[in-house]
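Please keep the sequence and the 3D view at hand while reading.

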Amino acid sequence: LDAESQRLFFALWPDEIVRDRLHGLSARFLRPGSGRPVTPDNFHVTVFFLGDTDTAKRACAEQVAGTVSRQAFTLTLDQVGYWQRPQVLWVGATRTPEELLALVGDLNVGLSACGFSPERRDYRAHVTVARKVRRGPHQLAAVDAVSWRVERFCLVESVTESAGVRYRVLRCWALG
Ligand code: 2AM
């Protein structure tokens, strides 16, 4: 890992209103002593995980992001779920907007050419709200929908500090 390397990902970054609403509804699903809640300041939806990225690959990724031409969309977050293997509790969308799938598709194609590896699994838009949850709900739970108007996507750095991980938005690109 060279000194220039950063841990990066592309994400949808919520405004304060969306963040507060997600915090409010996720709080009802967090049982004391079960897992580590994600601080609301870190709430996001990952679009593409880049991982450890050197300066040249970051430049390539930013260049790709600049060529994306997709429409803004509304992401309706309306369910809470749990994944056993990564041990995360999340808030997600029953329906993934076509525009979001198109954005992910464009990034998959462009970033592959930069040397990044796209996720092989189907894309699942979600906000992780707690980690290290050993036991979670087996069934999806419907929740009051949080309607999020998404008008940009951002390049974010994952910074490890003594207090834990913090995500820092580096740069965003507008959706039309
Ligand atoms: P998660 O929230 O479901 O854990 C920063 O780590 C973000 O990138 C997180 O939102 C995480 O998803 C996502 N991510 C996707 N693939 C990852 C990977 N292989 N390692 C770490 N994080 C990954």
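How many bridges join strand β1 to strand β3, and do the two run parallel or antiparallel? In this predicted model, β1 (residues 6-12) and β3 (residues 45-53) run antiparallel and are joined by seven bridges. Strand β1 also pairs with strand β8 (residues 152-161), again in the antiparallel sense, over four bridges. One bridge partner from each pairing is listed here.

| Residue | Bridge partner | Strand of the partner |
|---|---|---|
| Phe-9 | Phe-49 | β3 |
| Leu-8 | Glu-157 | β8 |

Strand β1 is mostly covered, with six of its seven residues buried. The largest nonpolar core of the model holds 46 residues, and those with the most contacts inside this core include Phe-10, Leu-12 and Phe-153. Leu-12, leaving aside residues up to four places away in sequence, touches a set of residues that includes His-44, Val-47, Leu-75, Leu-103, Trp-148 and Phe-153. A second core, separate and made of six residues, has Phe-9, Trp-13, Cys-154 and Tyr-167 among its members.

Helix α3 (residues 98-113) has 16 residues, which at 1.5 Å a residue should span 22 Å, and because its end C-alpha atoms lie 23 Å apart, the two values agree. The buried residues of α3 are Leu-100, Ala-102, Leu-103, Val-104, Leu-107, Gly-110 and Leu-111, and what covers them includes strands β1, β3, β4 (73-83) and β8 together with helix α2 (55-67). Just after α3, Gly-115 takes a positive phi of about 100°.

Technical notes. Residues numbered from 1 in each chain as written. Predicted model: local features only at pLDDT ≥ 70, side-chain atom pairs only at ≥ 80, totals over all residues. Heavy atoms only, no water. Core = buried A, V, L, I, M, F, W, Y, C linked by side-chain atoms within 4.5 Å. Buried < 20%, exposed > 50% of the residue type's maximum accessible area, 1.4 Å probe, protein only. Contact = heavy atoms within 4.5 Å. Pairing = 2+ DSSP bridges. Expected span 1.5 Å × (residues − 1).
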